[in-house]
Each structure stands twice: as structure tokens, then as C-alpha cells.
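Subject: Structure handover

Hello,

Please find the structure below. My notes on what was found in it follow after that.

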Amino acid sequence: MRRVFAVTALTGLLLAGAGCADRRDDPFAVGFASPAPAATSPAPAPTATGDAGVCARAKQAGSAAVQTYVFKLAEMLRAGGTGDRSRADAAERDAEAALAGWRDVLREQSGRATDARLRTLLADLATEVGGLGTDVRAIDETEFDRLQGRLDQLCPA
């Protein structure tokens with residue numbers, strides 16, 4: 001994730017979620033209209049690399065991790081805004097755990113990829129994701145954009 005994406009995603013999620021959530025006294029209430037994609041697909045789409053299953057798993061893990069990460073960041077901000085430090089700390093740990101899980105899946109799929117370009121890309125993405133945290137100001141959006149663009153080329157759709 002990159003700073004602009006993270007801030008945009010968080011803002012968009014908060015705004016979009018406003019229509020789905022009960023916002024009575026909670027300005028940070030978030031609601032989701034749809035769940036993350038299924039973890040398995042009966043027939044993964046063909047890819048430029050021939051690693052359809054690897055691509056599908058890497059993308060699914062990224063989608064689920066980003067959804068959890070953004071939700072937990074919103075929860076962390078909400079708890080911090082109300083002074084609930086223990087809840088904010090727990091949400092921060094959960095956000096970081098979502099990133100760690102995504103990193104681990106990227107590493108695992110990198111080891112399974114048969115295409116050298118995809119294998120290297122997933123390892124690079126794992127390194128980038130591993131360096132992310134809950135401080136969106138510290139995220140290098142340029143490098144992440146570059147890597148994500150390469151993933152989209154190697155794993156379209």
C-alpha cells in the first residue's frame with residue numbers, strides 16, 4: 001500500500017461506509033457492502049506467466065489484507081479519538097497482522113511461481129508489504145505503485 005492509496009482507501013471506505021453503517025454517535029463508523037473475494041477459484045483465469053493459481057492467491061490475499069487493514073486503521077482512529085488506548089493498540093496490532101499475513105502469502109506464492117519474473121515480483125512485493133505499518137505518512141507510494149503495476153501486467157484480471 002502506498003500513502004495516497006491508503007489515505008484514499010481509508011477516506012473512501014469511511015465515506016462509502018457511512019451509507020451502510022449505523023452512525024448515530026460514531027463519526028468513524030464503517031460498513032462493508034461486499035466481502036473479500038473467495039479464497040479459492042474453481043478455474044483461475046489464464047495469465048501471462050502461466051501461474052494462474054499463484055496469481056489468484058496473491059491477489060485474493062492482497063484484497064482481503066487491504067480490506068482488513070483499512071478497517072482496522074479506521075477502528076484504531078476511532079478508538080484513539082475516544083481515548084480508548086487499549087482498543088486502539090489492539091486494532092493497530094490487527095492491522096499489522098493483516099499486513100504480515102499478506103507478506104507471508106506473497107512469499108509463499110513467490111516460492112511456487114514457475115515464471116522467474118513473477119517469482120521476483122512477488123518477493124519484491126513481500127518485502128514492500130513487510131515494511132508497511134500503520135503510519136500512512138511513512139508509506140512509499142511510488143515503489144508500491146510500480147510493483148502493483150507489474151503485478152497487474154503479469155496477472156491480469
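**Salt bridges**

Asp89 and Arg85 are 4 residues apart in helix 3, so about one helical turn separates them. Helices here are DSSP runs of H or I with at least four residues, strands are runs of E with at least two, and both are numbered from the N terminus. The model is predicted: local features need pLDDT of at least 70, side-chain atom pairs count only at pLDDT 80 or more, and totals for chains, interfaces and linings use all residues. Residues are numbered from 1 along each chain as its sequence is written, and side-chain values use heavy atoms, with hydrogens and water left out.

Asp89 and Arg85 form a salt bridge, with their closest N and O atoms 2.8 Å apart. The term means a side-chain nitrogen of Lys or Arg within 4 Å of a carboxyl oxygen of Asp or Glu. Side chains of opposite charge can pair when their charged atoms come close. By this rule there are 8 salt bridges.

Asp89 is partly exposed, at 27% relative accessible area. For that scale, buried means under 20% relative accessible area, exposed means over 50%, and partly exposed is in between (1.4 Å probe, protein chains only).

Another salt bridge joins the side chains of Asp104 and Arg103, at 2.9 Å from N to O. Asp104 is partly exposed, with 38% relative accessibility. Lys72, Glu75 and Asp94 belong to one network, joined by salt bridges that share partners. Within it, the closest N and O atoms of Glu75 and Lys72 are 3.3 Å apart. Both of these residues lie in helix 2, 3 residues apart, which is about one turn of the helix. Are Glu75 and Lys72 buried or exposed? Glu75 is buried at 13% relative accessible area, and Lys72 counts as buried at 15%.

**The disulfide**

How many disulfides does a search of the whole structure find? The search finds 1, formed by Cys55 and Cys155, whose sulfur atoms are 1.9 Å apart. Cys55 lies in helix 2 and Cys155 in the segment after helix 5, so the pair ties together parts that are 100 residues apart in sequence. A disulfide is a covalent bond between the sulfur atoms of two cysteines; the cut-off used for the pair of sulfur atoms is within 2.5 Å.

The torsion about the S-S bond of Cys55 and Cys155 is about -60 degrees, and the disulfide is therefore left-handed. Cys55 counts as buried at 4% relative accessibility, and Cys155 counts as buried at 1%.

**The nonpolar core**

The largest nonpolar core has 32 residues. Such a core is a set of buried Ala, Val, Leu, Ile, Met, Phe, Trp, Tyr and Cys residues joined through side-chain atoms within 4.5 Å. Among the residues with the most contacts inside this core are Tyr69, Trp102 and Leu151. Helix 2 (52-81), helix 3 (85-112), helix 4 (116-130) and helix 5 (141-154) each give two or more residues to the core. Helix 2 supplies the largest share, 11 residues.

**Ser110**

Ser110 lies in helix 3 and is buried, at 7% relative accessibility. A polar atom of the Ser110 side chain lies 2.7 Å from the backbone oxygen of Arg119. Leaving aside residues up to four places away in sequence, Ser110 touches Arg119, Leu122 and Ala123, where contact means heavy atoms within 4.5 Å.

Regards

Notes. Polar contact = N/O pair within 3.5 Å; in protein donor to acceptor, adjacent residues only side chain to side chain.
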